[in-house]
Amino acid sequence: GGGTRSVNLTEAIAHSSNVYFALAGIAIGPEGFQSVLTEFGFSKVPSREKLAPGLAESGFGQGAILASPLEMAVASGVIAAGGKRFAPTYEHRSNAQPAATPLTTEQAERIAEGMRAVVTRGTAQRVDFPRTTWGKTGTAQVGGGKKPHSWFIGYAKDPNVAFAVIIENGGYGARAAAPIASRLLR
């Protein structure tokens with residue numbers, strides 16, 4: 001039978017619950033979305049008019065939301081850094097100062113719990129990741145009868161890196177991008 005069950009943030013991230021994030025998108029509203037995208041450093045922040053009709057879709061990364069792989073890697077880095085956003089670098093900088101603080105430490109920890117669950121028991125559990133990996137699968141619909149883009153974003157503690165992998169028209173994130181991210185980390 002049917003039925004419903006309540007899903008928390010960790011489970012929503014771990015199992016890519018579009019419904020959970022659609023409801024969150026509606027709840028945050030267009031102005032909230034614009035604020036979050038700006039704080040996270042996204043360069044293409046849609047107008048209120050473009051966001052408003054598709055808040056549900058935007059909530060799970062579709063619709064008016066556009067992001068580059070670098071922007072998604074930076075977003076992963078925000079979680080890894082306990083809510084602080086740093087400018088991207090190719091080398092470790094011990095004296096770097098955050099450009100913004102889009103999340104509280106507690107918020108970042110809650111999201112990190114879900115990202116860890118993605119690789120231990122969620123959508124990417126069948127991929128052999130190093131034990132120090134946190135991640136999120138993504139499948140971006142592109143239309144025109146083409147296969148969706150395959151995403152996997154995340155971070156690792158050993159090596160200490162935030163990353164984003166996209167395979168254009170690669171299908172589901174767990175099937176195409178996640179295995180490549182695993183190989184990259186190894």
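This is a predicted model: local features need pLDDT of at least 70, side-chain atom pairs count only at pLDDT 80 or more; totals for chains, interfaces and linings use all residues.
Is T137 buried or exposed? T137 has a relative accessible area of 9%. The cut-off for buried is under 20%, so T137 counts as buried.

Now its partners. The side chain of T137 makes two polar contacts that I want to show. One goes to the side chain of T123, at 2.7 Å. Another goes to the side chain of S16, at 3.4 Å. Leaving out residues up to four places away in sequence, T137 touches S16, V118, T123, A124, W151, F152, G173 and A174.

Stay with S16 for a moment. S16 lies in the loop between α1, residues 9–14, and α2, residues 18–39. S16 is partly exposed, at 25% relative accessible area. Look at its backbone too. Phi of S16 is positive, about 50°, and S16 is not a glycine. Most residues other than glycine have a negative phi.

Back to the strands. How many strands form the open sheet, and in what order? There are three, ordered β1-β2-β3, with antiparallel pairing. β1 covers 133–140 and β3 covers 160–167. Both stand at the edges with a single partner strand each, so one side of each has no neighbour in the sheet. From one strand to the next, the twist averages 10°.

Take the pairs in turn. β1 and β2, residues 149–157, run antiparallel and are joined by eight bridges. In this pair, T137 stands opposite F152 of β2. β2 and β3 are also antiparallel, over eight bridges. There, S150 stands opposite I167 of β3.

What do β2 and β3 form together? They make a hairpin, with two residues between them. P159 is in that loop between β2 and β3. The peptide bond joining D158 and P159 is cis, with omega about 10°. Most peptide bonds are trans.

N169 lies between β3 and α7, residues 177–185. Its phi is near 55°, a positive value in a residue other than glycine. N169 is partly exposed, with 30% relative accessible area.

V119 belongs to helix α6. Its relative accessibility is 9%, so V119 counts as buried. Which residues does V119 touch, beyond those up to four places away in sequence? They are A124, Q125, F129, T133, G135 and F152.

α5, residues 69–80, packs with α6, residues 105–120. The angle is about 110°, and the axes are 8 Å apart. The two helices are therefore roughly perpendicular to each other. From α5, the residues that meet α6 are S76, V78 and I79. On the α6 side they are A108, I111, A112 and M115. By type, this contact has six nonpolar residues, one polar and no charged.

One distance to finish. V119 and E71 are 48 residues apart along the chain. Their C-alpha atoms are separated by 21 Å.

Technical notes
Residues are numbered from 1 along each chain as its sequence is written. Side-chain values use heavy atoms; hydrogens and water are left out. Axes are lines fitted to C-alpha atoms, for helices over the stretch in contact, and angles run from 0 to 180 degrees between N-to-C directions. Helices (H or I, at least four residues) and strands (E, at least two) are DSSP runs, numbered from the N terminus. Angles under 35 degrees count as roughly parallel, over 145 as roughly antiparallel, 65 to 115 as roughly perpendicular and the rest as oblique. Contact means heavy atoms within 4.5 Å. Ala, Val, Leu, Ile, Met, Phe, Trp, Tyr, Cys and Pro count as nonpolar, Asp, Glu, Lys and Arg as charged, and the others, Gly among them, as polar. Two strands pair if DSSP finds at least two bridges between them. Buried means under 20% relative accessible area, exposed over 50%, partly exposed in between (1.4 Å probe, protein chains only). A polar contact is a pair of N or O atoms within 3.5 Å; within protein, one must be able to donate a hydrogen and the other to accept it, and residues adjacent in sequence count only if both atoms are side-chain atoms.
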